[in-house]
Amino acid sequence: MRVGILCLMQESNTFLNRKTEFHHFEEDLFLEGHEIREKMVDSHHEVGGFLEGLDAAGFDAVPIFAARALPYGTICKQAFDQLMERMFLLIDQAGPLDGYLVAPHGATVSEEHPDADGYWLSQLRKKVGTNKPIIGTLDLHANLSERMVESTNALIGYRSNPHLDQRARGLEAASLMAGMLRREVHPVQQAVFPPFVMNIEKQCTELSPCKELYGLAEELRKTPGILSLSILQGYPYADVEEMGTSLIAVGDGPSEKTNAVLQELSQHLRENREAFDGTGVPLEEALNSLKKESSRTCLLDMGDNVGGGSPADGTLIAHGLLNHQIPRSFVCLYDPESVDRAKHSGIGSRIILEMGGKTDDLHGPPLSAEVLVEGFYEGVFHEKQPRHGGSTHFDQGQTAVVSCDTGLTVMLTSKRMAPFSLEQLRSCGLDPQTFQVLIAKGVNSPLAAYEEVCSNFIRVDTPGVTASNLNHFDYQHRRKPMFPFERDLEWNI
Ligand SMILES: [Zn+2]
């Protein structure tokens, strides 16, 4: 038995006024054929799980194509066409296959295809016919569509936010594929789309109210005849019809139990919907609370959430730290121009820099300060621990570390980098424990790394393309009614 492996992942923020282009994939992950095994077999990514699971089942794993770009704007038409052309050419060259393990993200949007995942999965289905199983994993932020469900035999979402179970879900998908090809199980999936989207602030699976929701799912998963059950929290920063939280269950053959477990989860969401709405802390309140706080604090910048597709150069919290003269504080900003200027000035020199705030005017003006240039680094680092996203190799490009007189240390990067690993600091000579306050541009994804050094986390309600307050956004395509936009609504699912 030969099983093909395909991976195409990107979370597309349609509110960002920039497009994701082909080079963004090349800069993050773009692999073909045997390179995929070499680079991903040991990773915490689901493709690593696919490979391990197929090997263990004694099947021939045929890695074909794996591409991923860091979350950013809608994918431009040309880049998406190029990705499709390459992927389908490689499928043609892969020889006869008995099934496909696929890793779409689930919240990918291209200029031409708002439901880009649904588009390529349906193209794959059309190509291989209905007799070949297609089983996939989905990021927990997937905006699930009917088309994705119709085009696949089974879809399995991550169960952890931060995403630490990607490899485990890959293994689960491979095991389901093995069972299906051996005719031991007959997966039939069903999805429901409640009129609801979960606020990002309440998406951490270790904390209430998600903790209780995921606990219920864990119990329901034990129902005889249920092969898989997933909660897809959804990605609110894509203005598409599919935007929202959804539930998907896979039964062994057609079964009423599949519908029953979905109804029970949907009912739990309906009854507790208010608890899943956001209550972010205003910036001034967060800054004032620092003065009374003795434990090391992580300020989570929700409006500039890099893992949610934001620019990574938002300055609003950093301005606050400067104005309040908070000592021993840290921020990382994407700013290739300032890296160049600091480099020309040289280590040990003092210069005035205008840092960050250059992508747009939604995330704060540049941070203007006289700084001491502390050091330069290549910006490449490695993470061995399971962290959000499952990556082990990171490259943030040439990096400068500078310090302001108030005690704010600024790391300036040449490429956008999400705060998924503390190696980002350590590889640039910074010990995270020497800081009292660290800004992490994210909401839940940084926790896996930052919990190692911080005991106090404040989710700061900053504006921007990933703001937690969804009333900031002018949606044109979302379903209506939907909680929290419409608070009194019929919920019949
Ligand atoms: Zn995600």
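Which strands does helix α10 (residues 283-290) lie across? In this predicted model, local features need pLDDT of at least 70 and side-chain atom pairs count only at pLDDT 80 or more, whereas totals for chains, interfaces and linings use all residues. Residues are numbered from 1 along each chain as its sequence is written.

Helix α10 lies across β10, β18 and β19, and runs at about 160° to β19. Helices (H or I, at least four residues) and strands (E, at least two) are DSSP runs numbered from the N terminus; contact requires C-beta atoms, placed from the backbone, within 7 Å. Axes are lines fitted to C-alpha atoms, for helices over the stretch in contact, with angles from 0 to 180 degrees between N-to-C directions. Helix α12 (residues 336-345) lies across β12, β13 (367-377), β16 (399-404) and β17 (408-413), at about 175° to β12.

These strands belong to an open sheet of 8 strands with mixed pairing, in the order β12-β13-β16-β17-β11-β18-β10-β19. Its edge strands, β12 (350-355) and β19 (456-460), each pair on one side only, pairing being defined by at least two DSSP bridges. Neighbouring strands are turned by 35° against each other on average, direction ignored. Strands β10 (residues 297-301) and β18 (residues 437-440) pair in the parallel sense over 4 bridges, and C298 stands opposite L438 in β18.

Not counting residues up to four places away in sequence, V410 touches V331, L333, M355, V371, V402 and C404.

Terms used:
Two residues are in contact if their C-beta atoms, placed from the backbone, lie within 7 Å.
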